[in-house]
Amino acid sequence: QVQVVESGGGLAHPGESLRLSCAVSGLPFRDRAMQWYRQAPGKERELVATITTDRSTRYLDSVKGRFTISRDNFKNMVYLQMDSLKPEDTAVYYCHAYWSFWGQGTHVTVSS
């Protein structure tokens, strides 16, 4: 059974940090690019970050310099370190494993 499970979301104040984790099971992991998406209520889903099999990374412009995606192939985990959080980062964050395997999402709320 394939499972993609996000964790680490919660409440944060502006300027604080959160680290999201995504655990993948039931799939070969090392040979898959991994991504983080997010979706705020009433807004379109947007791609936040990508990490490829060779660990190259790409980021949404608005999170560059603040977010870092990484992966641990031994643990079958992908992470999103989110620093300097802003209220506009509030969203449900989803982990995506190529091809088309999605987690349930983890909520991130950034507010004063």
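Does Asn-73 count as buried or exposed, and at what relative accessibility? Let me come to that by way of its surroundings, keeping in mind that what we are looking at is a predicted model.

I would start with strand S7, which covers residues 67-72 and whose side chains alternate between two faces. The partner of S7 is strand S8, residues 77-82, and the two pair in the antiparallel sense over six bridges, with Thr-68 standing opposite Gln-81 of S8. Together S7 and S8 make a hairpin that has four residues between its strands, and in the turn Asn-76 has a positive phi of about 55°.

Asn-73 is found in the loop between S7 and S8, and, to return to the opening question, Asn-73 counts as buried because its relative accessibility is 8%, where the cut-off for buried is under 20%. Its side chain makes a polar contact, at 2.9 Å, with the side chain of Arg-71, and, if we leave aside neighbours within four places in sequence, Asn-73 is in contact with Phe-29, Arg-30 and Arg-55.

Finally, the core. The largest nonpolar core has 27 residues, of which Met-34, Trp-36, Leu-80, Met-82 and Tyr-93 touch the most other members. Among the elements that give two or more residues to this core are S7, S8, strand S4 (34-39) and strand S9 (91-97). Leu-80, for its part, touches residues including Trp-36, Val-48, Phe-67, Ile-69 and Tyr-93, not counting those up to four places away in sequence.

Technical notes: Residues numbered from 1 in each chain as written. Predicted model: local features only at pLDDT ≥ 70, side-chain atom pairs only at ≥ 80, totals over all residues. Heavy atoms only, no water. Buried < 20%, exposed > 50% of the residue type's maximum accessible area, 1.4 Å probe, protein only. Pairing = 2+ DSSP bridges. Polar contact = N/O pair within 3.5 Å; in protein donor to acceptor, adjacent residues only side chain to side chain. Contact = heavy atoms within 4.5 Å. Core = buried A, V, L, I, M, F, W, Y, C linked by side-chain atoms within 4.5 Å.
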